[in-house]
Amino acid sequence: MPQTKEERAEQKRVYHQTPAGQKSHRISSWKSRGIRTADWDALHERFMSTTHCENCDVLLTGGMSRT
């Protein structure tokens, strides 16, 4: 069943709000920045579970972006 452009855009928007969609977007972003790994799932799990810098033990916070 063909969908309109608006219906596909809405499906994509809804998917990107799910945990699977967020993970997919984050990994795609890493790939586009040149990050390489043999196991994307393991890297994502480590990213999600890290709370402090491994070098200086500073608490890492979210919400900061490079815009």
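Where is the place of aspartate 57? Aspartate 57 sits in the segment after H3, and the views below lead up to that spot. The model shown here is predicted.

**View 1. The whole chain, built from helices.** Welcome to the overall picture: the chain has 3 helices and 0 strands. Read from the N terminus on, its elements run α-α-α. The radius of gyration is 16 Å, well over the 11 Å that the globule rule gives for 67 residues, so the chain is more spread out than a compact globule. Along the principal axes, the C-alpha atoms fill a box of roughly 55 × 25 × 20 Å. How much of the chain is buried? Buried residues make up 9% of the 67 residues.

**View 2. Helix H2 meets helix H3.** Here we move in on two helices, H2 (residues 19-32) and H3 (residues 40-49). They pack at an angle of about 105°, and their axes are 11 Å apart. Because of that angle, H2 is roughly perpendicular to H3; angles of 65 to 115 degrees fall in this class.

**View 3. The residues between the two helices.** Which residues of H2 and H3 make the contact? From H2 come Lys23, Arg26, Ile27, Trp30 and Lys31. H3 contributes Trp40, Asp41, Leu43, His44, Phe47 and Met48. Sorted by kind, the residues of this contact divide into 6 nonpolar, 1 polar and 4 charged.

View 4. Cysteine 53 is in no disulfide, and its nearest cysteine sulfur, that of cysteine 56, is 3.5 Å away. Is cysteine 53 buried, exposed or partly exposed? With a relative accessible area of 23%, cysteine 53 is partly exposed, since buried means under 20%.

**View 5. Aspartate 57 and its backbone.** The last stop returns to the residue of the opening question, in the segment after H3. Aspartate 57 has a positive phi of about 65°, although it is not a glycine. Why point this out? Most residues other than glycine have a negative phi. Aspartate 57 counts as exposed because its relative accessibility is 56%, and the cut-off for exposed is over 50%.

Conventions. Residues numbered from 1 in each chain as written. Predicted model: local features only at pLDDT ≥ 70, side-chain atom pairs only at ≥ 80, totals over all residues. Heavy atoms only, no water. Axes fitted to C-alpha atoms, helices over the stretch in contact; angles between N-to-C directions. Helix = DSSP H or I, 4+ residues; strand = E, 2+ residues; numbered from the N terminus. Parallel < 35°, antiparallel > 145°, perpendicular 65-115°, else oblique. Contact = heavy atoms within 4.5 Å. Nonpolar A, V, L, I, M, F, W, Y, C, P; charged D, E, K, R; others polar. Buried < 20%, exposed > 50% of the residue type's maximum accessible area, 1.4 Å probe, protein only. Disulfide = S-S within 2.5 Å. Rg over C-alpha atoms; globule rule 2.2 N^0.38 Å.
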